[in-house]
Amino acid sequence: MLTHRRSPVRAWRIAALLTTMAAALFVAVGCGSSSNSSGGSSTPASGNALAGITKAESVVKQATARPTSIGITKPIGKPVPTGKKLAFISCGVEACDVQGKIIAQGAKDLGWTASTIATDGSPEKLQGAFETAMRNGADAVILNAVNRAAVAKQIAEAKQKGVAFVTCCSTEPTGNGILYNTSTAQQNGEIGQDLAAQVVADSKGKADTLYVNISAFQILANLGTSFQQAYKQYCPGCSIDSIDIPLTALGKDAPDRIVSYLRSHPKVNYVVLSVSDALGTGLPAALQAAGLGGKVKIVGQGGGTQIFQYISGGQVQSIVPFDYYAVDYLMLDALARHFAGAPIQNTAPPRWLMGKTGLPSTSDLFPVVANYRDQFLKLWGKTS
């Protein structure tokens, strides 16, 4: 199993760098940019409300069990050609470098070679890297969180040349040169249901929740919608409000903005972060300084070593981490099936609602499914 020691990795920066390539993507979506309260003050559960809490508890019980399956069970069933050349275009932050190493291992497992082309995430560099990959004879190209508009010419050229292109974490639909996309907006929406269940079950139906969104990231829209719908389904009497954090506040005063809201809304007892790394770094300290450290619980999706340390210390209750390992191997699986002439399996990455109990590491990335690599090798007809 690969592990990579690192300083706090902000997975959100992958999306940030690639999303900012087109101003058209910066459309306010998701939970909105203002505080729109729904529901009154939180009230104790009674009558039919108990059914919602029971449902939430059932969802949490299932979601907190660490997955043991990568989600794909159908073997390729055909020989996977060896000798393929794969190019991974790095977005210019450490998280992408980590993925490059995982992809290199997976390519080796398939009998392929993989190279990483470094960029700073700008459209010009991404376009140049794509062209370099094709000029160097790549059989396939991977670029995370692709924005079709930024590399439309290169995608079209790759399609014409028979160069396969796959991505993850993108709002772009497959087809017309994009062979595969995983960790999509629709797939990520299901994370919102798990987070809503966690809040309602933990509070026993007495939650007053603040949902913190980054509406500039369109891929988060489904997450916010799913969370709010499930939250009101599980607990109609629970209060919920939302605020939007602008990109300019990330890495700067995002925690202060959250604390400012909490000070003016003292009944809030849960904060849900749409991207834990981007919004949660520094938040526990800010809450403590404001005298809210023991009053407000934090949950969210995504997470790197800093968030893992918060969980270990009880400062963050739970998260659904981004599974780099499954995402990267799912993209490789799509390519393997493509080159073998087998149907591609459009599978979502496994998800895990993870808290302090069972936290594998506070200093390394880890796969959600511990033996993910062995499972993929079996599907590919390979051995380690």
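**Entry 1: a strand pair**

I started with strand β3 (residues 140–143) and strand β4 (residues 164–168), which pair in the parallel sense over three bridges. I looked up one partner: Ala140 is bridged to Ala164 in β4. I note here that I am reading a predicted model.

**Entry 2: the whole sheet**

Next I traced the sheet around that pair. I found five strands in an open sheet, ordered β2-β1-β3-β4-β5, with parallel pairing. Which strands stand at the edges? I found β2 (113–117) and β5 (180–182) there, each with a single partner strand, so one side of each has no neighbour in the sheet. I also noted the twist, which averages 20° from one strand to the next.

**Entry 3: helix α3**

I then asked what lies across the sheet strands. Helix α3 lies across β1 (85–89), β2 and β3. I read its direction as about 170° to β1.

I followed α3 (residues 94–109) to a helix partner, α13 (residues 372–380). They pack at an angle of about 35°, and I noted 11 Å between their axes. I logged the crossing as right-handed. From α3, the contact uses Gln105, Gly106 and Asp109. From α13, I listed Arg373, Leu377 and Trp380. By class I have two nonpolar, two polar and two charged residues in this contact.

**Entry 4: α4 and α5**

I turned to helix α4 (residues 123–135) and helix α5 (residues 152–161). Their axes come within 10 Å and cross at roughly 15°. Angles under 35 degrees count as roughly parallel, so I wrote α4 down as roughly parallel to α5. The crossing is left-handed.

Which residues make the contact? On α4 I found Gln127, Phe130, Glu131 and Met134. On α5 I found Gln154, Ile155, Glu157, Ala158 and Lys161. I sorted the contact of α4 with α5 by class: four nonpolar, two polar and three charged residues.

An α-helix has 3.6 residues a turn, so residues three or four places apart point the same way.

**Entry 5: helix α11**

Last, I looked up helix α11 (residues 305–312). Which of its residues are buried? I listed Thr305, Ile307, Phe308, Tyr310 and Ile311. Two helices came up, α9 (276–280) and α10 (283–289). Two strands came up as well, β10 (318–320) and β11 (354–355).

I read on past the helix. Gly314 follows α11, and I noted its positive phi, near 80°.

Conventions
Residues numbered from 1 in each chain as written. Predicted model: local features only at pLDDT ≥ 70, side-chain atom pairs only at ≥ 80, totals over all residues. Heavy atoms only, no water. Buried < 20%, exposed > 50% of the residue type's maximum accessible area, 1.4 Å probe, protein only. Helix = DSSP H or I, 4+ residues; strand = E, 2+ residues; numbered from the N terminus. Contact = heavy atoms within 4.5 Å. Axes fitted to C-alpha atoms, helices over the stretch in contact; angles between N-to-C directions. Parallel < 35°, antiparallel > 145°, perpendicular 65-115°, else oblique. Left-handed = near helix turned anticlockwise from the far one by under 90°. Nonpolar A, V, L, I, M, F, W, Y, C, P; charged D, E, K, R; others polar. Pairing = 2+ DSSP bridges.
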